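Let's take a walk through this structure together. Please keep the sequence and the 3D view at hand as you read.

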Amino acid sequence: MTGYLFLALIVFSVASFMFGRSLARRKAAAQGVRAHSLPAFSGWFVAIWSFIPAAVVLLVLVIFGARLENAIVQSDVPAAVQQLPELNQGLFFQDVRAIANGGTPSTTVYDGELKAAFDHKVAQARSVDSTINLGAYVLTAVLALAGGLLAYTRISPQFRARNSVERWVSVFLVACSVVAILTTLGIILSLLWESLRFFQSVSPLDFLFGTHWSPQIAMRADQVGSSGGFGAVPLFIGTFLIMLIAMCVAAPVGLFSAIYLSEYATPFMRAWIKPVLEILAGVPTVVYGFFAALVVGPSFREFFNWLGAFMPGTPMGEYLMNVQNQMALVAGVVMGIMLIPFVSSLSDDIINSVPQSLRDGSLAMGATRSETIKKVVLPAALPGISGAMLLAVSRAIGETMIVTMAAGLQAKTTLNPLDTVTTVTVQIVTLLTGDQEFDSPKTLAAFGLGLTLFIVTLALNLIAQRIVQKYQEQYD
Amino acid sequence: MKLYTRPLYAPDTSIGKPRDPSMTTTATTPKFVARDVKVHYGDKQALHGIDIDILDKSVTAFIGPSGCGKSTFLRCLNRMNDTIPSARVDGTILLDGEDLNDRKVDPVVLRARVGMVFQKPNPFPKTIYENVAYGPKIHGLATSKEEMDHIVESSLKKASLWNEVSDRLHQQGTGLSGGQQQRLVIARAIAVGPEVILMDEPCSALDPIATAKIEELIDELRQQFCIVIVTHSMAQAARVSQKTAFFHLGNLVEVGNTEDIFTNPKDQRTQDYITGRFG
């Protein structure tokens, strides 16, 4: 119903825009003067005052209306219900809400005194609901009319509608940016809060420096493997290993292709290569993920098995023959390919911002192009390029899909690229997918990992941005 | 006339040593001989056939309104137009009798012989010492640290910068003042041992005092080098040059002794330009 109400409000605002505009015109014509603001601004002024106060109230009622209703309905608990255990009390009120608002109730059967209390509460909920709705209609209508009328009476050729509308525009823009800031704050706070709950059951030292990761919690005391281990070091090492492999691929390939693009490529080649790199950047990571799991993984395994066949009997050969699909190398290489366009386009921008006059100066002394790049352009661009690399590292650490599909789930403390490792992001995914209760350390561990990840990537991004900024200031 | 004073494809080893007397040229020998030089940038023709002789051991000034092609022609003299993909250069330019647009000529070696100084001082973001040592290093002109020190010192002295920077050779070159930076760039060009120094409006970013110092320096350098300078300031052309060439709309209108150009121009367009009627 509020949807229709909102629609009606919009129609009303459009109408008040028309009225405001025509009134401004008529008044200016009647007085034979040129108005301070164009008539459309007067129209906007009236429309804004009819719309915004009413819309704000409507929004508040939509957000808090249901809670208000619950609070009123639950404010007095019938005696029969009070005798129920607390859990069942909650269920009782859930069913009341479901019946009153047309949802699906639970299968609990209420009879006798409970039945009476139930019917009573349903009726109360319905009446409260309709009262709130009626209140919403009336309040919205009154606010829209009052706001519109008040604004309407102020319109005159001397009224500075243009300035007033300008103020509203800035209020609107501020509101939009506040939404972004509040959302970020909310995410950080919830991350902190849930992490605190996690660290109440697992000590932060054990978490950060422990080497045993097996996030299971026993249902019964006598269960096998019941002791949960929350030492995240294997995850950090796995993340680091994959990031390192990814950067070994992405850094040289990305940087050299950027050098080619910015220093050597003819406009024709550039016009072809740039869009292709952008396509690579546009491939969804999940596609990279199954590419890694289904194509790269098996072919790497076959290659190593084939290599191992040359060394029969040796431990090395034996090991290579038994290499599995899921290994750090596969995830790292594919992630590196994913990062190539990222590194290359950032480095390209940075290399291009080295002034042409430096290149000319070097070329004019008889340096070749590669000498110029090696000795003048790259040293000048180095701070910016290292910033770009840090940004790529922070993306590699936060990347989820590829590692989830190609790296494996076993938490091992190893730097062997042919072994299966797991990363922080993979563990967050496995901890939270499926049906989970949100009060065991197992699920809360995800927030601990998330917080760690957040802090590391935030720090990396801040440092990188600072470096890049410093660098760009140097040549402004 | 000797055709090859120095082959364009051999490294220069004469840094710091007196020149071979047989190579000595006077201010009447043409260093450059240009005939029918045309330049296109894409479809746009920037130069319509330039014929000019540029003398050694003297300063030649190119003047003319913006966009007249004087910088374009200057960039032909050390093939800097090669770095612009859309540029096409036709015609012949002989450097000591050798066509520098010949396919056998390596532009890298040519540019070591024909140095260039740009409008905006462009020291590399390195120390003063490294800036000057840059060219000798890439051309392998010094075999020891002492030799390199010597090249750096003599180049800075020739550029009249030594006294100001001798105690801070290992500070950043970008930290110098604009005029000092421009002299550092000149020292950097001298260090490679060029025969010609091209200057593209070298004083347009400098204040009058720094400008005066550079002009003084140009006058000293002409004892040793062939200098070609592009300038917007007619007063500067009159002060520093012996020969002046006036460019207009991609044509070389008039060239002659600086005195004659400024006191008794033959062409009406030159007359109009130097009296300030256009440009």
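What does the secondary structure of chain B come to? Chain B has 10 helices and 10 strands, where helices (H or I, at least four residues) and strands (E, at least two) are DSSP runs numbered from the N terminus. Before we go further, a word on conventions: this is a predicted model, in which local features need pLDDT of at least 70 and side-chain atom pairs count only at pLDDT 80 or more, while totals for chains, interfaces and linings use all residues. Residues are numbered from 1 along each chain as its sequence is written, chains are lettered from A and ligands numbered from 1 in the order in which they are written, and side-chain values use heavy atoms, with hydrogens and water left out.

Let's begin with chain B as a whole. Of its 279 residues, 53% count as buried; buried means under 20% relative accessible area, exposed over 50%, and partly exposed in between (1.4 Å probe, protein chains only). Chain B exposes about 12,200 Å², with carbon and sulfur atoms supplying 51% of it; accessible areas come from the Shrake-Rupley method with a 1.4 Å probe, and for residues only the protein chains shown count as cover. Among contacts (heavy atoms within 4.5 Å) in chain B between residues at least 6 apart in sequence, 68% join residues at least 24 apart.

Now look for B:Leu77, in the loop between helix 1 (70–76) and strand 4 (87–95) of chain B. B:Leu77 is buried, with a relative accessible area of 0%. Leaving aside residues up to four places away in sequence, B:Leu77 touches B:Phe32, B:Ile54, B:Ile93, B:Leu100, B:Leu110, B:Val114, B:Leu198 and B:Val228.

Next come the charged pairs. A search of the whole structure finds 21 salt bridges over all chains, each a side-chain nitrogen of Lys or Arg within 4 Å of a carboxyl oxygen of Asp or Glu. One of them joins B:Asp82 and B:Arg79, whose closest N and O atoms are 3.0 Å apart. B:Asp82 is partly exposed at 39% relative accessible area, whereas B:Arg79 counts as buried at 14%. Another salt bridge joins B:Asp96 and B:Arg113 (3.0 Å, N to O). This pair links distant parts of the chain: B:Asp96 sits in the loop between strand 4 and strand 5 (98–99), and B:Arg113 in helix 2 (residues 107–113), 17 residues apart. B:Asp96 is buried, at 8%, and B:Arg113 is buried too, at 2%.

Helix 4 (residues 145–158) of chain B holds both B:Glu153 and B:Lys157, four residues apart, about one turn of the helix. Their side chains meet in a salt bridge (2.6 Å, N to O). B:Glu153 is partly exposed, at 29%, and B:Lys157 is partly exposed, at 46%. Salt bridges that share partners also join B:Lys31, B:Asp96, B:Arg113 and B:Glu195 into one network.

Finally, turn to where the chains meet. Here 18 residues of chain A are in contact with 22 residues of chain B. The area buried between them is about 1,600 Å², of which carbon and sulfur atoms give 66%; buried area is the accessible area (1.4 Å probe) that two parts lose on being put together, summed over both. In chain A, A:Ala364, A:Met365 and A:Lys375 lose the most area to chain B, together 38% of what that side buries. Between chain A and chain B the count of salt bridges is zero.
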